[in-house]
Amino acid sequence: MRTDKAALRAAALHYDTAMRDLLDIRPEVAEALSAKRPVVALESTLIAHGLPYPRNLETARRVESVVREAGAVPATVGVAGGRLCVGLNAQEIERFARGRDTAKASGRDLAAAIAGGGDAATTVAATLVAAHLAGIRVFATGGIGGVHRGRGSHLDVSADLAELARRPVALVSAGAKAILDLAGTLEVLETQGVPVIGYGTNEFPAFYCRQSGLPLDVQVDRPEAAARLIQAHWTLGLGGLLIANPPPGAAALDPVEVEALVGRALDDVRSARVGGKRLTPFLLDRVNELSGGRTLEANVALIEANAALGAELAAAVLALDRG
Ligand code: PSU
Ligand code: MN
């Protein structure tokens with residue numbers, strides 16, 4: 001018996017040491033978590049690959065201040081110097097924003113990125129892993145990855161969906177990116193057991209647009225109501241939830257116009273033969289060029305709005321814990 005206990009202790013110690021080596025929760029975030037103050041995780045792929053320089057840097061900074069103004073601590077996640085960092089500092093964020101060839105890491109790429117000893121921007125999937133390990137329960141992004149169009153002829157489904165199903169984290173996003181097959185994305189979320197909660201809407205938002213024509217079963221209008229659903233889901237031992245927040249009205253674009261832009265961008269994908277990890281950044285970039293920069297403005301506005309809602313939800317979830 002004693003040896004068993006000693007072995008267990010040794011294994012736990014080994015795990016702690018190994019985890020400390022690769023997971024770096026920065027002091028401000030660690031302190032907020034232990035003091036039970038609200039923390040919002042943010043991803044770094046949208047900085048390194050989703051938005052062009054210098055808007056990416058301005059947005060990364062702005063989103064952190066939006067979270068702070070709403071009373072929470074921001075924790076931007078990324079692999080820096082071979083460690084999975086939760087709460088990248090200002091210099092690191094700038095390096096990610098300026099870096100032309102920073103790697104893009106999904107969950108499955110994390111081990112290799114860490115072993116490589118360099119930098120990698122984390123996608124929604126990889127950021128969910130870090131948030132869960134760190135004990136952060138709310139994460140805000142722009143739009144998650146999902147099922148790419150053309151699933152009849154080729155299959156490309158973002159790992160964001162499966163990772164969200166596994167991690168007990170509430171993810172705020174403006175639905176899924178408009179470049180995707182949104183109906184297919186909702187089907188996979190259903191299969192994976194991820195609730196999709198419309199925030200102030202009964203329709204799945206389409207990233208740049210407030211409407212997709214795809215109905216949602218669950219709508220909440222207040223952070224407290226969202227927090228009750230989130231807590232109930234976790235009490236049942238279930239995983240992540242998607243809080244679908246439509247883009248702010250002033251920034252939202254017309255669905256018919258966006259569809260035309262996406263159609264043209266997809267034609268370009270075929271002629272440029274882009275696939276794999278490069279597909280999402282290529283499409284976002286192309287849609288932005290074709291729109292004369294208007295999709296970029298919408299993208300930035302919705303990321304900020306999601307960060308503000310994330311901060312409110314983080315506070316509401318903590319308030320429920322206190323009872
Ligand atoms: N949302 C944005 N811009 C982005 C992304 C999301 O507004 O660049 C990124 C996220 O990091 C998401 C990734 O996880 O795109 C999805 O990439 P893929 O389709 O290769 O899984
Ligand atoms: Mn893919």
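Modeller: What follows takes the cavity, then the helix. This is a predicted model, in which local features need pLDDT of at least 70 and side-chain atom pairs count only at pLDDT 80 or more, while totals for chains, interfaces and linings use all residues. Residues are numbered from 1 along each chain as its sequence is written, chains are lettered from A and ligands numbered from 1 in the order in which they are written, and side-chain values use heavy atoms, with hydrogens and water left out.

A cavity here is a set of points, on a 1 Å grid over the protein atoms alone, where a 1.4 Å probe fits but cannot get out; lining residues have an atom within 4 Å of a point. Grid points are joined across faces, edges and corners, and a volume is the space filled by probe spheres set on the points. By this rule there is 1 cavity of 30 Å³ or more, and the largest cavity has a volume of about 110 Å³. Its lining consists of 14 residues, and Leu-42, Glu-43, Leu-46, Val-63 and Ile-303 lie nearest its centre. By class, the lining of the largest cavity holds 8 nonpolar, 4 polar and 2 charged residues (Ala, Val, Leu, Ile, Met, Phe, Trp, Tyr, Cys and Pro count as nonpolar, Asp, Glu, Lys and Arg as charged, and the others, Gly among them, as polar).

Helices (H or I, at least four residues) and strands (E, at least two) are DSSP runs, numbered from the N terminus. At least two lining residues of the largest cavity come from each of α3 (45-50), α4 (55-69) and α13 (294-322). The largest share, 4 residues, is supplied by α4.

The 15 residues of α4 should span 21 Å at 1.5 Å a residue, and its end C-alpha atoms are 20 Å apart, which agrees.

Just after α4, Gly-71 takes a positive phi of about 90°.

How values were computed. On a 1 Å grid over the protein atoms alone, a cavity is a set of points where a 1.4 Å probe fits but cannot get out, and a pocket is an open set with protein on both sides within 12 Å along at least five of seven lines; lining residues have an atom within 4 Å of a point. The expected span of a helix is 1.5 Å times one less than its number of residues.
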